[in-house]
Amino acid sequence: MINFSNVSKRYPNSYDALKNIAFTVETGEMVFITGHSGAGKSTLLKLIAAIERPTSGSIIVNGQNIGTLKGAAISILRRNLGLVFQDQKILFDRNVFDNVLLPLQISGFDPKAATGRVRAALDKVGLLGKEKACPITLSGGEQQRLCIARAVVNRPSILIADEPTGNLDADYARDIMDMFRSFHQVGVTVLIATHAAELLGGAQQRILTLDHGKLAA
Amino acid sequence: MSVWLSHHSYALALALKRLLRTPFSSLLSIAVMGIALSLPAGGYMLLGNLQTFSGHISGAPQLSLFLALDASRDEVAQIRSRLKQHPQVASFQFVPKDRALQQLKQGNGLADVVDSLAQNPLPDAFVINAKSTAPEVLELLRAEIQKWPKAEHVQLDSAWARRLDALLSLGRLAVLMLAALLSFALVTVTFNTIRLQILTKRDEIEVSKLIGATNGFIRRPFLYFGAIQGIAGGVAAWLIIALGIYLINGALADLALLYAFDFHLRHLSSEDSMSLLLFSTWLGWLGAWLSVASHLWQIEPR
């Protein structure tokens, strides 16, 4: 469960990125966050992963107050989140397999069991045949799927994606969205920030709309 | 436990991989560490050898005990038996006054002078070899014998040993200072190596932090790297000293043949070698730790 109450975020020497945000996402829910560019979508997601700290208000994720977490507790929190970053953050000095393996190495997974997990995650996103490939040789859609595989390999209870379809054409984007839906169907809480509202058409999921840092009703 | 183990084996494997990925620069760093460490460690080895050597040639330093001129035969016999029983005395030799006079006559061309004397001015004497070579023990022994009846004067022939001892402790101090300076240099070598590594691994560090790596997890491979480089530097220093000893001993063998004495350098004892390795490992670790502590906080994901 994710709960925001009266959360504001002001960057130093800048405008208020978020003003008095309050909402609750129940466990197993799938929520889209939309809004114009600069509306505060990325900031909101970063607050959940403690990449940014709120200026005021409190954020509760899985029973923990994110604003007060320090050091190793933040690391443990992030291991329970699956993060797909807007700028992907793929490591190009290692192959696809090793990119997906990294979160398991960080959690101290047994190497043999980890291999199985990585293959399973790659299989889910349809990259099993490319595990030895260098990320630079992958297409844009495949790189995005690699990011998703890395996000879900730890089997997190919450999956957070920032513009996962940002630079993909419509077909690829639909693939990616279907993938997130399938994770939602197996009980994962999913939060997706997107400005591509047309992809949401027909979906009955909940949509939070941000406008200049405020939550539109 | 298994998480702990897999974290550490991961860090060790990663450190080795990084070391082997740049073999040439790794070798250079290790060579620098080895050469820098071999100077003080080699100096320490030479001092150790010199001390053993001085112990060999001086044997036990001697004490000369001169008796009073009026000492009777009985009193001489008494002193003889006391020396025999004394636990600190290894051996002794009695030099009666007549023989001393004769030696003086023969030795120094003083025959005329000696002949002109009305009576023998020389006392009976004992030359004593002590069991210990330590200056303090010898001094105690000298003071003790001095108090015996009819002991006129006891002279300690250990001035030479003392001077050497003082020189050796001066040498030890110099080696210690050299070691301190070079250790500092080695810490900075590792510090800079790790700093460069952190800069080139920026992306990896940032992503790792974002997906839940603790600072300890990120720090560990760098610390292992420093420690491995340190221990390799220690091994290199040991090998450099071994090579030096091999070359010097070859030359010493010729010298020993000419002067008919047996002297060859020995390498550091196994305890000292172990200390060298542990110390160099610690230096590498310290340099890495300082570097990580001062650079890692700069990489905070945004």
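# Reading two chains by their definitions

Student: In which strand of chain A is confidence lowest, and in which is it highest?

Tutor: Strand β10 (residues 214–216) of chain A has the lowest confidence, with a mean of 87, whereas strand β7 (residues 158–162) of chain A has the highest, at 95. These values belong to a predicted model, and they are to be read on a scale of confidence that runs from 0 to 100. Over the whole of chain A the average pLDDT is 90, and 96% of the residues score at least 70.

Student: What is the phi of A:E163, and what is the phi of A:H212?

Tutor: Most residues other than glycine have a negative phi. A:E163, although not a glycine, has a positive phi of about 50°, and it lies in the loop between β7 and α6 of chain A. A:H212 is likewise a residue other than glycine with a positive phi, near 50°, and its place is the loop between β9 (206–211) and β10 of chain A.

Student: How do you know that strand β1 (residues 2–10) of chain A pairs with strand β4 (residues 56–61) of chain A?

Tutor: Pairing requires at least two bridges between the strands, and 5 bridges join β1 to β4 in chain A, so the two strands count as paired, and they run antiparallel. Within this pair A:N3 stands opposite A:I60. Both strands belong to an open sheet of 4 strands in chain A, with the order β2-β1-β4-β5 and antiparallel pairing.

Student: Why is one side of β2 (16–25) and of β5 (64–65) of chain A left without a neighbour in the sheet?

Tutor: Each of these two strands stands at an edge and has a single partner strand, so one side of each has no neighbour in the sheet.

Student: What joins β6(A) to β7(A)?

Tutor: There are 4 bridges between β6(A) and β7(A), which run parallel, and A:G82 stands opposite A:L159 in β7(A). In a regular strand the side chains alternate between the two faces of the sheet. In strand β6 (residues 81–84) of chain A, A:L81 and A:L83 point one way while A:G82 and A:V84 point the other way, and all are buried.

Student: What makes chain B more spread out than a compact globule?

Tutor: Chain B has 10 helices and 4 strands. For its 302 residues the globule rule gives 19 Å, and the radius of gyration is 32 Å, well over that value, so chain B is more spread out than a compact globule. The C-alpha atoms of chain B fill a box of roughly 105 × 40 × 30 Å along the principal axes, and 26% of the residues count as buried. The assignment for chain B gives domain 1 (2–57 + 163–298) and domain 2 (62–157), with 54 Å between their centres.

Student: How many residues of chain B and of chain A does the contact take?

Tutor: The contact takes 16 residues from chain B and 17 residues from chain A. On the side of chain B, α1 (2–21) and α8 (202–210) each supply at least two residues, and by class this side has 8 nonpolar, 6 polar and 2 charged residues.

Definitions and conventions. Residues are numbered from 1 along each chain as its sequence is written. Chains are lettered from A and ligands numbered from 1 in the order in which they are written. This is a predicted model: local features need pLDDT of at least 70, side-chain atom pairs count only at pLDDT 80 or more; totals for chains, interfaces and linings use all residues. The radius of gyration is taken over C-alpha atoms; the globule rule is 2.2 Å times the number of residues to the power 0.38. A residue is buried if 20 or more other C-beta atoms lie within 10 Å of its own, exposed if 12 or fewer, and partly exposed in between; C-beta atoms are placed from the backbone. Domain bounds come from an automatic or database domain assignment. Two residues are in contact if their C-beta atoms, placed from the backbone, lie within 7 Å. Ala, Val, Leu, Ile, Met, Phe, Trp, Tyr, Cys and Pro count as nonpolar, Asp, Glu, Lys and Arg as charged, and the others, Gly among them, as polar. pLDDT is the predictor's confidence in each residue, from 0 to 100.
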